[in-house]
Amino acid sequence: MNLNNIEILTKELKATKDFYKNVLNLPVTECDSKSISIKIGLSTLKFVESLKKEKPIYHLAFNIPENKLSEVIKWCENRIELIKKEDAVLITKFETWNAKAIYFYDNNDNLLEFIARKELNNSETETFSSKQILNISEIGIVMDNPLEFGNQLIQNYGLNLFEKNKNSEIFTAIGDDNGLLIIVKTNRNWYPTETPAKSNWTKIELSNKNQSNTIEIKE
């Protein structure tokens, strides 16, 4: 499954443009007074201006080549502050997923993640650069009943449960290593933080088995 286009909200369009363009070195493809679009490998991430008082917070993950996690950590030095544990960069090993990940925040306090998935067999020999941020691999969705909602998506759009995940009414994953809808229960903390998950408007354009669909998440 591929996450082709993701639309989320922001209260800080100008700062968001600066972060993704100048800090992460990702190309801006569209920009106006109410939105900005960022090209992230094969995916596009669009930020739409939010007029609400409360800051919307999301979780997104980006696939990187499976052999580049150490290089990515060095690349992040002097750019962004990676989340640490006991003064060392937190590297989370997902044993059943056969993947490793690191975490950081953007200017909106969105929780972002670089994840290297061994089974994608996408190793690279060139020195890491932002061009090797391959795609949006995860978007977080917050629901009161994650497994129930996941089953609705399966029924409505012909999607599949992520077989490597132990899916439950707390945490359910839909898709595969290329693209995942991460559905978590309302107020469950976004790992590895103490930030409770809240539902925010999200628009997801995805393709799966030669079929394209658009899923809109209401608040």
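1. By the ring-pair rule, in which rings of Phe, Tyr and Trp (its six-membered ring) pair if their centres lie within 6.5 Å, the count comes to nine aromatic pairs. The model is a predicted one, in which local features need pLDDT of at least 70 and side-chain atom pairs count only at pLDDT 80 or more, while totals for chains, interfaces and linings use all residues. Residues are numbered from 1 along each chain as its sequence is written, and side-chain values use heavy atoms, with hydrogens and water left out.

2. The ring centres of Tyr 20 and Phe 47 lie 5.2 Å apart with planes at 50 degrees, so this pair is tilted (planes under 30 degrees apart count as stacked, over 60 as edge-to-face and the rest as tilted). Tyr 20 belongs to helix H1 (residues 13-23) and Phe 47 to strand E4 (residues 43-49), so the pair ties together parts that are 27 residues apart in sequence; helices (H or I, at least four residues) and strands (E, at least two) are DSSP runs, numbered from the N terminus. Both Tyr 20 and Phe 47 are buried, a term for under 20% relative accessible area, with exposed over 50% and partly exposed in between (1.4 Å probe, protein chains only).

3. For Phe 62 and Phe 114, the centres are 6.2 Å apart and the planes stand at 55 degrees, so this pair is tilted. It links distant parts of the chain, namely strand E5 (residues 59-64) with Phe 62 and strand E10 (residues 111-117) with Phe 114, 52 residues apart. Phe 62 is buried at 0% relative accessibility, and Phe 114 is buried at 0% relative accessibility.

4. Ring pairs join Phe 62, Trp 75, Phe 104, Phe 114 and Phe 128 into a cluster.
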